[in-house]
Amino acid sequence: MSTIKQKFYDNASKKSAVIQKLKKEHADVVVSEVTVGHVLTGMKGIISLMTSTSKLDPEEGIRFRGYSIPDLQELLPRIPGGTEPLPEGLFYLMLVGELPTDADVKEIQDEWTKRSDIPEHVFAALDALPKDTHPMNQFALGIVAMADGSKFAKAYEEGISKKDYWDPTYEGVMDLIAKLPKLAAYIYRRSYFDGDHIESDPSLDWAGNLAHMMGFDDDEVKKLFRLYMTIHTDHEGGNVSAHTTHLVGSALSSPYQAYAAGMLGLAGPLHGLANQEVIKWILAMREELGVENPTKEQISDFVKKTLSEGRVVPGYGHAVLRKTDPRYTAQREFALKYMADDSLFQTVSNIYEVVPPILSSIAKIKNPWPNVDAHSGALLLHYGITQYEFYTVLFSVSRALGVLAQLVWDRAYGLPIERPKSQNEFWFLEKTGLKSDVKFYTKPKN
Ligand code: CMX
């Protein structure tokens with residue numbers, strides 16, 4: 001067994017026994033109550049998931065196994081002479097539960113390099129799609145096309161014991177994460193560079209190699225990719241991509257199937273696709289005004305126009321956060337260091353000054369502050385990654401690290417198939433007493 005796998009196993013065996021005890025002896029302890037309001041506002045705030053990898057505080061933002069983004073920037077291994085943390089190290093932290101050494105990160109890099117080959121039929125399946133197929137649809141198809149290689153599905157078919165589920169899940173998760181940079185880069189180069197593909201460089205780290213295979217060998221781009229791939233990994237368990245991966249995984253679908261499902265959730269404009277929407281929206285503002293760097297007054301008018309059309313201001317607001325997203329701040333700091341004069345960055349900064357007071361004046365909006373997606377596109381565009389429809393693929397590659405580390409824990413804990421109860425509208429009307437006022441809802445036959 002590899003050192004990492006052994007460490008995971010030792011840790012998970014101890015913790016799993018505790019979780020079994022919790023289930024057996026404390027199942028009646030109430031952790032949350034559910035109201036009609038919860039049901040009709042997307043179940044926000046109901047504690048109903050157990051997530052090991054990260055925790056989101058509304059005021060402070062994300063912590064990964066207790067470590068904030070500045071902590072990770074200080075404590076995770078970097079490449080020699082590097083300035084940004086390596087996402088391999090964060091994966092280790094989320095999976096094993098402790099900070100990695102340089103040797104641990106090297107072991108992950110070697111494992112992923114070994115497992116990075118993609119079967120030819122996956123590329124053939126992608127090549128059968130029109131080039132302008134949205135990159136997120138190509139990405140999901142690519143994952144599903146690899147799913148027949150799932151070690152978990154094979155082991156299940158052969159009759160594996162429940163207590164061993166974690167093992168082929170771990171193997172599948174390592175296989176899948178290893179292949180993602182090649183898959184993403186393949187989609188990028190086929191969509192925008194006429195299929196002029198670039199060979200992988202196994203001497204590079206996971207994020208650096210992705211930048212290289214996309215065609216970006218500048219050191220600053222690789223730095224950005226390491227930061228980007230670190231900060232987008234995880235946002236506790238209830239967001240659409242993490243929850244979907246967990247939910248689909250609870251049916252014992254393979255890691256490939258669960259992750260593909262999760263990423264189709266990330267592809268929604270209220271979730272990960274917001275990173276493309278932000279840039280589209282800023283470019284539309286520039287075009288409409290005929291200026292490269294709109295004034296704060298012009299931005300304010302454009303925001304008000306967006307709202308008056310019944311649209312959301314992309315990159316702002318959050319279901320949990322109530323302050324500026326620390327992932328936004330980390331990207332802003334990167335921009336201040338490397339591209340302070342960039343005109344798009346200046347517009348993003350001006351939007352940051354203009355939007356919160358406007359959204360704060362609308363009572364129903366709970367969080368007027370920027371989220372991660374308000375900034376990421378400006379950084380990518382600065383370095384020449386202009387194809388904003390591709391941005392959510394980059395988010396997805398990073399998100400794999402969190403949701404798939406969690407899937408291994410789900411299997412180690414033996415978490416069961418998820419199956420909340422639903423009721424029809426009539427039940428809610430009766431429960432609240434509203435039925436006596438409403439005549440047109442009749443009781444269904446069953
Ligand atoms: N612009 C306009 N209206 C907004 C808004 C925004 N940025 N943020 C929230 N609202 C509106 C909601 O649409 C909702 O309106 P209705 O009651 O008419 O449906 C109301 O304010 C209340 O919403 P909320 O409780 O504050 O926020 P939700 O938890 O419902 O939604 C989110 C959260 C992120 C979907 C929402 O803020 C939004 O649509 N933001 C813009 C899209 C975006 O940036 N998404 C990326 C989030 C980060 C990520 O997952 O990657």
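Contact here means heavy atoms within 4.5 Å. The model is predicted.

## Ser-396 in helix α19

Ser-396 sits in helix α19. Setting aside residues up to four places away in sequence, Ser-396 touches Met-136, Phe-139, Tyr-259, Met-263 and Leu-266. Its relative accessibility is 0%. Buried means under 20%, so Ser-396 counts as buried.

## The largest nonpolar core

The largest nonpolar core has 113 residues. Seven names stand out for touching the most other members: Phe-91, Phe-139, Ile-143, Leu-183, Met-214, Phe-225 and Tyr-259. Helix α19, residues 391–413, supplies the largest share of this core, with 15 residues.

Phe-139 and Tyr-259 link this section to the previous one. Both are among the core residues that touch the most other members, and both are touched by Ser-396.

Beyond its neighbours within four places in sequence, Leu-183 meets Ile-118, Val-122, Leu-126, Phe-139, Gly-142, Ile-143 and Met-146.

## The ligand site

The ligand is surrounded by 20 residues. The closest are His-271, Gly-315, Tyr-316, Lys-366 and Asp-373. By class, the shell holds eleven nonpolar, five polar and four charged residues.

For His-271, a side-chain N or O atom is 2.6 Å from an oxygen atom of the ligand. For Asp-373, a polar side-chain atom also lies 2.6 Å from a ligand oxygen. For Asn-371, the distance from a polar side-chain atom to an oxygen atom of the ligand is 3.0 Å. On its own, the ligand has 890 Å² of accessible area, and the protein covers 76% of that.

## Gly-61 in strand β2

Gly-61 belongs to strand β2, which spans residues 61–64. Gly-61 counts as buried because its relative accessibility is 0%. Leaving out residues up to four places away in sequence, Gly-61 touches Lys-55, Leu-56, Leu-321 and Pro-326.

How far apart in space are Gly-61 and His-212? From C-alpha to C-alpha, Gly-61 and His-212 are 31 Å apart. In sequence, 151 residues separate them.

Methods: Residues are numbered from 1 along each chain as its sequence is written. This is a predicted model: local features need pLDDT of at least 70, side-chain atom pairs count only at pLDDT 80 or more; totals for chains, interfaces and linings use all residues. Side-chain values use heavy atoms; hydrogens and water are left out. A nonpolar core is a set of buried Ala, Val, Leu, Ile, Met, Phe, Trp, Tyr and Cys residues joined through side-chain atoms within 4.5 Å. Buried means under 20% relative accessible area, exposed over 50%, partly exposed in between (1.4 Å probe, protein chains only). Helices (H or I, at least four residues) and strands (E, at least two) are DSSP runs, numbered from the N terminus. A residue is near a molecule or strand if one of its heavy atoms lies within 4 Å of it. A polar contact is a pair of N or O atoms within 3.5 Å; within protein, one must be able to donate a hydrogen and the other to accept it, and residues adjacent in sequence count only if both atoms are side-chain atoms. Accessible areas come from the Shrake-Rupley method with a 1.4 Å probe; for residues, only the protein chains shown count as cover. Ala, Val, Leu, Ile, Met, Phe, Trp, Tyr, Cys and Pro count as nonpolar, Asp, Glu, Lys and Arg as charged, and the others, Gly among them, as polar.
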